[in-house]
Amino acid sequence: MRIVETNSPDETWELAAELAGELGAGTVIALHGDLGAGKTCFIQGFAAALGIDEPITSPTYTLIGEYEGRLPLHHIDLYRLSGPEEALGLGLEEYFDVDGITAIEWAERAEGLLPPDLLHVEIKADAHSGTRTFRIFRENEA
């Protein structure tokens, strides 16, 4: 398990870029954190490190955003879903064995449908200091 604190969006982007350099195709990232914790900011930094130059916004209304870079990035936001039953019809499994990286915000809403080798990124924001604490781990490291 890796624990990292960031104190600005730039530092969050640096952390995401470092992680992007370590991960390969087929990786599925489960992002966890409260609303406003920094999940989309993290994905923006990750995408920039993959050479994606189009704006990355939260796909809350489209659910899935697909971007081309050094590796394709599939950005999935499950915020609007109430749970796994609603996620069943999305075809999420099509994104798990692809040539790119899949990042899922609010991944807990698809619990039981996600691959077992997920990379978890938990983000906690301190409202007073603005510091973000990232816990990065695989299921067997929790």
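Tutor: Helices (H or I, at least four residues) and strands (E, at least two) are DSSP runs, numbered from the N terminus. From that end, the elements of this chain run β-α-β-α-β-β-α-β-β-β, which comes to 3 helices and 7 strands. Please keep in mind that this is a predicted model, where local features need pLDDT of at least 70, side-chain atom pairs count only at pLDDT 80 or more, and totals for chains, interfaces and linings use all residues. Residues are numbered from 1 along each chain as its sequence is written, and side-chain values use heavy atoms, with hydrogens and water left out.

Student: How do you know that the radius of gyration of the chain agrees with a compact globule?

Tutor: The radius is taken over C-alpha atoms, and the globule rule is 2.2 Å times the number of residues to the power 0.38. With 142 residues the rule gives a value near 14 Å, and the chain has 14 Å, so the two agree. Along its principal axes, the C-alpha trace spans about 40 × 30 × 30 Å.

Student: Why is Leu81 called buried?

Tutor: Buried means under 20% relative accessible area, exposed over 50%, and partly exposed in between (1.4 Å probe, protein chains only). Leu81 has 10%, so the word buried applies. Buried residues make up 47% of the 142 residues in the chain.

Student: Where does Leu81 sit, and what is it in contact with?

Tutor: Leu81 lies in the loop between strand E4 (73-77) and helix H3 (84-87). Contact means heavy atoms within 4.5 Å. Leaving aside neighbours within four places in sequence, Leu81 is in contact with Glu86, Ala87, Leu90 and Arg109.

Student: What makes Phe42 and Phe134 an aromatic pair that is tilted?

Tutor: Rings of Phe, Tyr and Trp (its six-membered ring) pair if their centres lie within 6.5 Å; planes under 30 degrees apart count as stacked, over 60 as edge-to-face and the rest as tilted. Here the centres are 5.7 Å apart and the planes make 35°, hence a tilted pair. The pair links distant parts of the chain, with Phe42 in helix H2 (residues 39-49) and Phe134 in strand E7 (residues 132-138), 92 residues apart. Both Phe42 and Phe134 are buried.

Student: Which residues do ring pairs link into a cluster?

Tutor: Phe42, Phe46 and Phe134. The structure holds 3 aromatic pairs.
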